[in-house]
Amino acid sequence: MKYGKIYVEDVKVGDDLPLLVKGPLAQIQLTRYAGASGDFNPIHQDDEFARAAGMGGVFAHGMLSMAFVAQALTDWAGAGTVRKLGVRFAGLVRLKDTVTCRGRVLAKTSKDDTHEIEVEVWAENQKGEKVVTGRATLRVPSRG
Amino acid sequence: MATALRKDVIGKEYPPYAVTVERGKIKEFARAVGDLNPFYLDDAVGRASPWGDIIAPPTFAISFRDESADTSALLRDLGTDISRVLHGEQEFELHRPLQPGQTYLCRAKVLDVYEKTGKSGPMAFVVRETAVTDGANEIVAVLRHVTVVRL
């Protein structure tokens, strides 16, 4: 099985990445993510705690949404291609929300045998509100 | 009632800690995200890959923590508690994928603490960096975290 799913030659500046739709989010996924990541902040598990903290109820780990964005990148370009991923958590993701991850190619650079693609990435909820915004650098193979 | 955050943690370096990546934890993480990429989950695909084994998803290193340390140490150093904390920004610089059976050394430090007043009131931003190196002391990943504290 090939890890790289795209070649640098196939990518054009301005290309849209395929959408990745995740959710609707259930509490069990936040609980599983807490176990997998070790982030047991009760604000993601315990509605009463989250309300008392002034957050209006449970919300998802930002890192879960970031992992969704990472999946959108690797579903497109292949596993092991992400060299850099930086995001800002722009809005809270709530239970039952759907998270749609999107991206657009900003630039391509090739130097010797190293080919990198710069991508703008973001995720939005079912109301179209951005919950994650960021940028990524992917290293992909060449057909050459 | 706004309470200032302690700024004397700027520049503080926490004791380095080692993390050995377990195969099952990589798979548990990928499944929790719902990312069923065979390069994370299928040992045979991993063996035949350029890395010779499965690899971890890009954000897996967020699970690295110092199990021997008091996990509230930073919050206490800052003078806040977990109910006031939100994740503001996160960045991963990945030099190569993390793999099972490897032991990595993590070095975390506080780069900056600054305050700003936003729509929802006064907030402090805590910027941290964690450098992850391998057994040969080569850099494998750098994580930059911005934590927002509601004051």
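**A ten-strand sheet across two chains**

Mentor: In this predicted model, 10 strands form an open sheet in the order E1(A)-E3(A)-E4(A)-E5(A)-E2(A)-E2(B)-E5(B)-E4(B)-E3(B)-E1(B), with antiparallel pairing. Strands here are DSSP runs of E, at least two residues, and helices are runs of H or I, at least four, both numbered from the N terminus. Two strands pair if DSSP finds at least two bridges between them.

Trainee: Which strands stand at the edges, each with a single partner strand?

Mentor: Strand E1 (20-22) of chain A and strand E1 (17-20) of chain B, so one side of each is left without a neighbour in the sheet.

Trainee: How are neighbouring strands turned against each other?

Mentor: By 25° on average, direction ignored. Axes are lines fitted to C-alpha atoms, for helices over the stretch in contact, and angles run from 0 to 180 degrees between N-to-C directions.

Trainee: What holds paired strands of a sheet?

Mentor: Strands of a sheet pair through backbone hydrogen bonds, either parallel or antiparallel.

Trainee: How many bridges link strand E2 of chain A and E2(B)?

Mentor: Five, in the antiparallel sense, with E2 of chain A covering residues 82-89. A:Val87 has B:Gln90 of E2(B) as its bridge partner.

Trainee: And how many for E4 and E5 of chain B?

Mentor: 11 bridges, antiparallel again, between E4 (residues 121-133) and E5 (residues 139-150). B:Ala131 sits opposite B:Val142 in E5(B).

Trainee: New topic. How many residues of chain B are in contact with chain A?

Mentor: 33 residues of chain B are in contact with 31 of chain A. Contact means C-beta atoms, placed from the backbone, within 7 Å. E2(B) gives the largest share of chain B's side, eight residues. By class, that side has 18 nonpolar, nine polar and six charged residues. Ala, Val, Leu, Ile, Met, Phe, Trp, Tyr, Cys and Pro count as nonpolar, Asp, Glu, Lys and Arg as charged, and the others, Gly among them, as polar.

Trainee: What pattern does chain B follow along the sequence?

Mentor: β-α-α-α-α-β-β-β-β. That comes to four helices and five strands. The C-alpha trace of chain B spans about 60 × 30 × 25 Å along its principal axes.

Note on methods:
Residues numbered from 1 in each chain as written. Chains lettered and ligands numbered in written order. Predicted model: local features only at pLDDT ≥ 70, side-chain atom pairs only at ≥ 80, totals over all residues. Contact = placed C-beta atoms within 7 Å.
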